[in-house]
Amino acid sequence: MDRSVNLLDLALGFDEPSPLRGKVVLIEDCVETSGSFVLHQMMKRVLSPHSSDALIFLAFARPFSHYDRVLRKLGCNLATQKTNNRLVFVDMLMMKCSDGDDNVSGVAKLFREIQGTVRKLGNVTNRNITVMVDDMSLLEIAATNSNSDHVLDFLHYCHTLTCESNCSLVTLNHEDIYSSMERPAYLLQMVCLADIVIKAEPLASGLANDVHGQLTVVNKGMISSKSGKGSSRNKLQNFQFRIKENGIEYFYPGCSRS
Amino acid sequence: MADSIFRKLRDGGEEGELAPALTIEETVASPFALDVSCYLLANLSSSILAGKSKSEYILETLKFNLFLLHYRVFMKSSLLCRGLVLVTFSRSPSFYLQFLKQKGIVVSSSSKWIRVLDCYTDPLGWIDQPSTGVTEGPSLVKLNKCVSDLKRLFSSVIDAGREMVGDGKTRFSVAIDSVNELLRHSSMPLVSGLLTDLRSHAQVSSFFWSLNTDLHQEKVTNALEYISTMKANLEPFCPSPDGKRNALENLFLAHQDFGKGRFHVRFKLRKGRVRVMSEEYHVDQTGINLSPISSAESVIAATKSLIPKASYLVLSYLFAVKLCGLRLVVLLVQVHFNLQLSEKERVEKEKVVLPFEHQDHGKSTEIYDGRRTLADGKTEATPLSSGELQADVVSSGKGGEIIYFRDSDDEHPDSDEDPDDDLDI
């Protein structure tokens, strides 16, 4: 087995080429356990020097410098990738929408921009394009002012890109924001759209020094219209992780090396 | 069981009646309504393709038959479902066409038995394209760019169907892959109105749609269930312990059983009877696989929940004789209840030990009067002093006893006498 492939990569199917082509991945986290490291790891995978895949990154949470520093420690230079036209970084920190129809036109405009970029980047043959959103709850706050329907429409349109252009869509969302709601329709809709759901949460047994949390990966998949793909359909995997300075260590419960 | 759903959808309703409608219900923890829809889609498509050639053959050979039979079969064949209109909200048309191709059903632009109304690609008209609304002209896939306009959606479905089968009595089936998207853009009364209008259209033979019940209020789910004549429900192996509030948590509780569960179908029969059937499902890369539930008892339990017990049918003949001139009226009444026990039930009943019966075999029955007898004193001393015996009694779980000592002889022993008999009231 390739040493660079860890448990999360295996759960996502990265032992095969382009496992996320045409799929939607949702990462759910909470205040106690951030899931942004999963996003960073997937960024690194997409921008791997062994592939020609491209990434469109919608940053609602942090500026470019933050991601640049984090990814540099993981061994990936974002500035170089930008220059090579493999990374399109869309800084959404300043996105503000007013009430009413402007919200609709705002997210519609954003989608059209993404669609245009996908078409431009898709000129390279055999290139898989990944659209990442960090994070959806901030998009909801920024764009809709407590009306989540426009964001769901935006998500639907992004989903069409997975069919039309075989793009991958990766989103991060904070589950605990909706914990007080009896029926968090927005969150449930996102889960329904996703093919793979990754949940980062604290250990059920409480805080520990050498284990920083646990990940649950549900590979729902969908009935495939392409033969051979999605062999890991309907798998649910659970493992723990420890965040280190230059990477993440994944292990099954009770198998920590430290 | 899935076959019976398919047969009902294939055969359609009688002339002048509402078309049979099926709601396929899924949850976040068992999101496989798409698999069920695809299963039905493939079967209906095969049936339509086979039915076309078969009906033509019937009409040719009927020339040799009697006129009455000729007429009846001709009428039946004219009511056959000859086409399918698929309204896509959650997947692109290419997904379904590719799926059908995988099942050996090739769909080309010249196919005259299927039409796809695309409400997925651009439901709100965000994508800049010259056309607006529904694309015009006969084509396999029609794009709908305004899904909130349900009147237009209704006429688009009917137009697409008529394009295939014409304006006569020939009918077509309608499938909507996700009502959730429809409900997100329109209110419940409008959506329910659209579904009812489609069902009651003379040319619609049958109708099915899928719904994720976790995304809407229970009222919405119930309303759609009332509209439909059949309900297929996908239940995961670990159902929510406290209702739909933990819908998301259930997804992560599924563990190794994710992709497996129970498939319940409820049929509302024309006479008003409701029939419930259950099977186990297992979803893999090829789609959904249904198999009988391994435990036969659970099937019976599920099936019998809504069916009145009729194991023993007792016919009692009540002859009510009414003399009206020379006429005799006889009433025959059927009563459904048990008058006697079966052999097995009788044996089980014999085994039951009633609590008030004396249970010490071979010992005389004595009513305790509160005083210690000599025999009591002897038997009492032994178990208390013997620790081993006591431990045995406790471990066997049969050692429960009530120890009671009367305080004084003033207390009257239990008797049948009324204790308030001396009161001067």
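Colleague: How many salt bridges are counted between chain A and chain B?

Modeller: This is a predicted model. D153(A) forms a salt bridge with R184(B). Their closest N and O atoms are 2.9 Å apart, within the 4 Å cut-off. The count between chain A and chain B is one.

Colleague: Which element gives the largest share of the side of chain A that touches chain B?

Modeller: Several elements each supply at least two residues of that side, including α5 (101-121), α7 (149-164) and β6 (196-201) of chain A. Ten residues come from one helix, the largest share. That helix is α7(A).

Colleague: How many residues of chain B are in contact with chain A?

Modeller: The area buried between chain A and chain B is about 4000 Å². Carbon and sulfur atoms give 59% of that area. On the chain A side, 44 residues are in contact. On the chain B side, the number is 48.

Colleague: Why is strand β2 (residues 54-59) of chain A largely enclosed?

Modeller: In a regular strand, side chains alternate between the two faces of the sheet. On one side of β2(A) sit A54(A), I56(A) and L58(A); on the other sit L55(A), F57(A) and A59(A). Both faces are covered. The strand is largely enclosed by the rest of the structure because six of its six residues are buried.

Colleague: Which residue of β4(A) is the bridge partner of L55(A)?

Modeller: β2(A) pairs in the parallel sense with β3 (residues 87-91) of chain A over five bridges. There, the partner of L55(A) is L87(A). β2(A) also pairs in the parallel sense with β4 (residues 129-134) of chain A, over six bridges. In β4(A), the partner of L55(A) is T130(A).

How values were computed
Residues are numbered from 1 along each chain as its sequence is written. Chains are lettered from A and ligands numbered from 1 in the order in which they are written. This is a predicted model: local features need pLDDT of at least 70, side-chain atom pairs count only at pLDDT 80 or more; totals for chains, interfaces and linings use all residues. Side-chain values use heavy atoms; hydrogens and water are left out. Buried means under 20% relative accessible area, exposed over 50%, partly exposed in between (1.4 Å probe, protein chains only). Helices (H or I, at least four residues) and strands (E, at least two) are DSSP runs, numbered from the N terminus. Two strands pair if DSSP finds at least two bridges between them. Contact means heavy atoms within 4.5 Å. Buried area is the accessible area (1.4 Å probe) that two parts lose on being put together, summed over both. A salt bridge is a side-chain nitrogen of Lys or Arg within 4 Å of a carboxyl oxygen of Asp or Glu.
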